[in-house]
Amino acid sequence: MAFSLSSLFLVCYILKFTLALIILNKEIETSRGMLYPRESETREVRTLDGIWNFVRSDETNPTQGIRDGWFKDDLSKSMPTIPMPVPASYNDITTEQTLRDHVGTVWYDRKFFVPRSWGQDQRVWLRFGSVHYEAYVWINGRSAVKHEMGHLPFETEVTHLLKYGAENRITVMCDNALIQTTVPQGKISEVANDEGVTIIQSYTFDFFNYAGIHRSVHLYTTPKTFIEEVEVKTNLSQNNSVGTVDYSITVNGTAANEAENTLLARLQIYNREGVQVANVTSDSKLVGSLQVDNVKPWWPYLMHSDPGYLYELEIRLYAAKEQLLDVYRLKVGIRTLSWTNTTFLINGKPIYFRGFGRHEDADVRGRGLDNALMARDFNLLKWIGANAYRTSHYPYSEESMQFADQHGIMIIDECPSVDTENFNQVLLDRHKSSLEQLVHRDRNHPSVVMWSIANEPRTGQVNADTYFQFVANYTRSLDSTRPITAAIAVPSNDDKAGRHLDIISFNRYNAWYSNTGRLDMVTQRVISEATGWNKKYDKPVLMSEYGADTLEGLHLQPAFVWSEEFQTEVFSRHFKAFDALRRQKWFIGEFVWNFADFKTAQTYTRVGGNKKGVFTRARQPKAAAHLLRQRYFALGREVDQCNVPNDLFTYIADVGGSNVKHDSADL
């Protein structure tokens, strides 16, 4: 009997383990709408940004507010409230450690008026740019929408929930808890402390889990029948002199559902000076194309004297008898993307990426949208000569994507999957959902040139092959016009995911996490690893992360870890490797980690956060920033024949015919 029971237990264990390994490629619910709110002749937009009322739930009783119905009336009638800015992370606003490190739910509410005119023959929508991680929303005590996934927008119609010409109340519950089936993953545990037990949120990713209403909240109107979605795809022909904009329009509303009411759209494209350069009237399917002669293509920064050129696409939706229903406008950059097993091209020209991994991170406001900081960051990107960045490790704000379009900065657009492991069905479905929402949001941005489906996933684990095959193929089904990558940190020999990617990206910290301090163990190791990736998969390779933590103002000679001299030397040793690899043609880019210092969870290896930035958290340059600037502009001069700034080099001396470098002419 003992043998039979033990055998039964073993069989049950094996069956349970086997079932856990079975992952199915299930259908994912797709997004609708989500056009960025823009005013027009038929639409009004107002923001609910500002100071909201805020309550932190008891960590041991996170659902109390639901059970007690806090959403049914003002929060202040249930609990004492404090003022909280929106958009912003709530963690660093106060001086309370309990709020900074809070795990679980928090509540927001505020009141607002809706004009009487909004209740007349139109629809009203509520849209959040991002709430991290999970959000529940009520309007006047009635459920409006629920959304799971930080860093991505969601919206719902609230026409039937509002009081017109009167005061309304919006209530939001936000939950920041991360578990093994959220994207990104985390763990929650109870740990004994001096008062009994406390709730601990742990995660393996190396950035602070900021939470709250991170981006703008909008109310906007549409007509009863309106333009719900617009998808554009562009192409160039005749030596880049003729541009084509293919469009597909989706309409929502009563007129769209009436068979006898034929809808059509009139589309115009205007150049930067406001001159119409193309127009067309669609058929009833609302699908077609426009041709732009003597087109000005969208080029990346430093590849052209006029980078980031954008046209305006105006769409006017009509019903029968020329009845104007809706008007929507969006910016369009006309360009082509293509790639082979050795190169990546924009408008037929090979690209060499030189850029950064970044974070949406700043003092006080955390991950909250900050237009001033965003403008500063893009000025620094252009000052240093970068042409690209990766949205590590989550989607960035829509406003920053628009900025990238305008400035000609290429983006590797990354979903929120970080350190992905313990592959399972629920995780796969949410991972795919995050990519569906990302592609749906960003598909029309010319700056987006690549999709990144994960950062440092555990691609050596059992099931990684099947899991990433499903994720990669699903992403291709959403958009086949851009290549797919993932930033991989496992050794190439152990990796099971690279065969499903179009571009291989790898992260490695030679002389930092590996062989700490050994500057003589960088160059050949980088060359060897990049070559290994290319030999295994025969695909283009880029290095998506390298660097060293640097404490601003620490100077040690000879170079020593944490000093500014050491960061400079680490960069220089990598530059030698990159130049050797560039001669192999299949090596297509270098991305420093990181653009700026950023906050992390508390640990003895992090002094106030991750200090690998070439800029401080206050966006001031460290010594390595000046070296990197010279590198990036030198590459721009060689690869793209760009002009270089007059202040790239500091004058040293006029020493006649010697080889001393003293100005930009030495490039």
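Which elements do the buried residues of α5 pack against? They pack against β5 (122–128), α4 (371–384), β26 (388–390), β27 (410–414), α6 (425–442) and β28 (448–455). Contact here means heavy atoms within 4.5 Å, and buried means under 20% relative accessible area, with exposed over 50% and partly exposed in between (1.4 Å probe, protein chains only). Helices (H or I, at least four residues) and strands (E, at least two) are DSSP runs, numbered from the N terminus.

A word on the model before going on. This is a predicted model, in which local features need pLDDT of at least 70 and side-chain atom pairs count only at pLDDT 80 or more, while totals for chains, interfaces and linings use all residues. Residues are numbered from 1 along each chain as its sequence is written, and side-chain values use heavy atoms, with hydrogens and water left out.

Helix α5 covers residues 398–407, and seven of its ten residues are buried, so the rest of the structure largely encloses it. Those buried residues are E398, E399, S400, M401, Q402, A404 and D405. Just after the helix, G408 takes a positive phi of about 75°.

Y309 sits in the loop between β19 (287–293) and β20 (311–319). It is buried, because its relative accessible area is 2%. Leaving aside neighbours within four places in sequence, Y309 is in contact with N271, R272, E273, K296, P297, W298, V332 and G333.

**Two annotated spans**

UniProt, in an unreviewed entry, places the feature "domain: Glycosyl hydrolases family 2 sugar binding" at residues 46–223. This span is 4% helix and 47% strand, and its end C-alpha atoms lie 16 Å apart. The feature "domain: Glycoside hydrolase family 2 catalytic", also from UniProt (unreviewed entry), is placed at residues 340–633. Over residues 340–633 the chain is 35% helix and 16% strand, with the end C-alpha atoms 26 Å apart. UniProt positions are given in the numbering used here, feature names are shortened, and annotations may be inferred rather than shown by experiment.

A nonpolar core is a set of buried Ala, Val, Leu, Ile, Met, Phe, Trp, Tyr and Cys residues joined through side-chain atoms within 4.5 Å. The largest one has 96 residues, of which F356, I384, I453, F571, F587, V614 and L628 touch the most other members. Helix α9 (residues 564–582) gives the largest share of this core, eight residues. Apart from it lies another core of 32 residues, including W52, M84, Y90 and F112.

L628 touches F356, I384, Y546, F571, F575, V592 and V614, not counting residues up to four places away in sequence.

The axes of α4 and α10 come within 8 Å and cross at roughly 60°; axes are lines fitted to C-alpha atoms, for helices over the stretch in contact, and angles run from 0 to 180 degrees between N-to-C directions. The two helices are therefore oblique to each other (under 35 degrees counts as roughly parallel, over 145 as roughly antiparallel, 65 to 115 as roughly perpendicular and the rest as oblique). From α4 the contact uses K382, W383 and I384, and from α10 it uses A625, H626, L628, R629, Y632 and F633.

**Salt bridges**

A search of the whole structure finds 47 salt bridges, each a side-chain nitrogen of Lys or Arg within 4 Å of a carboxyl oxygen of Asp or Glu. Here are some of them.

| Pair | Closest N and O atoms |
|---|---|
| D74 and R169 | 3.8 Å |
| K622 and D597 | 2.9 Å |

D74, in the loop between α2 (64–67) and β3 (82–86), and R169, in strand β10 (residues 166–175), are 95 residues apart. D74 is buried at a relative accessible area of 14%, and R169 counts as buried at 10%.

E529 lies in helix α8 (residues 523–537) and R508 in the loop between β30 (504–507) and α8, so their bridge ties together parts that are 21 residues apart in sequence. Both E529 and R508 are buried.

K622 and D597 both belong to the loop between β32 (587–593) and α10 (623–640), 25 residues apart. K622 is buried at 1% relative accessibility, and D597 is buried at 4%. Elsewhere, salt bridges that share partners join D579, R582, E590, R631 and E638 into one network.
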